[in-house]
Amino acid sequence: NRALYVTGFIKGTEFRRALVDTGASTNIVPMKTLRMARFSQGKIVRYPILMTGFEGSQSHTYGYAYIDLRVGPIRSKVKFHVIEQEPDYHIILGRPWLHDNKVVPSTYHQCMKALLDNKIVRIPTSSSPYAPVNDTEFLESQKGVPEPPSRIRSTPLPSWKTIEKADNDLSSSAYKMIKSPTTTNKRHNDQ
């Protein structure tokens, strides 16, 4: 049940947390993302609209801007509504972007497919959307970092008969302790 994040590029700047949201009726970009991409604020059209979030809260956008965006092999000029909040994502790609680019997202398969030049292309998710950009360089420079297991091993579950036997053994020993006069006498002697 992971969210679908892909990597998008605005003016050559990489953004790993481009959230693909089939429930969003607009494409959204925070002002912070535009600043990181050195996008000129003069290109933002000051036309605020009232937006309602998924939890029902309402806020006004700063305006909108047409931004050249690249996601995988898809390059398009996208209308984004600009917000001034600092959410957990860099961009929201809503239904307008998905439909304009004929993209089919799959959270189950953690990828998207699109038709580009009469060929089906697969766009994978961001491998680590919350990691810093230079995380691979950092891990490669460390010596002694353990390799991930080649095969995942799980703990075997006991059979039903083993569980029943353990339950019977436990209940019979508990019954013996309650009924045993030596247990009662021993407790009195210890005090």
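Which residue takes a positive phi in the hairpin of E1 and E2? Lys11 does, with a phi near 50 degrees, and the hairpin has two residues between its strands.

## Basis of the model

This is a predicted model, in which local features need pLDDT of at least 70 and side-chain atom pairs count only at pLDDT 80 or more, while totals for chains, interfaces and linings use all residues. Residues are numbered from 1 along each chain as its sequence is written, and side-chain values use heavy atoms, with hydrogens and water left out.

Strands are DSSP runs of at least two residues, numbered from the N terminus; two of them pair if DSSP finds at least two bridges between them. Strand E1 (residues 5-10) runs antiparallel to E2, joined by five bridges. Val6 has Ala18 as its bridge partner in E2.

E2 also pairs with strand E8 (residues 91-93), in the parallel sense and over three bridges. Here Val20 stands opposite Leu93. Six of the eight residues of E2 (residues 13-20) are buried, so this strand is largely enclosed by the rest of the structure. Buried means under 20% relative accessible area, with a 1.4 Å probe and protein chains only.

## The sheet E9-E10-E11

Three strands form an open sheet in the order E9-E10-E11, with antiparallel pairing. E9 (103-106) and E11 (119-124) are at the edges with a single partner strand each, so one side of each is left without a neighbour in the sheet.

Four bridges join E9 to E10 (residues 111-116), and Val104 has Lys113 as its bridge partner in E10.

Definitions and conventions. Buried means under 20% relative accessible area, exposed over 50%, partly exposed in between (1.4 Å probe, protein chains only).
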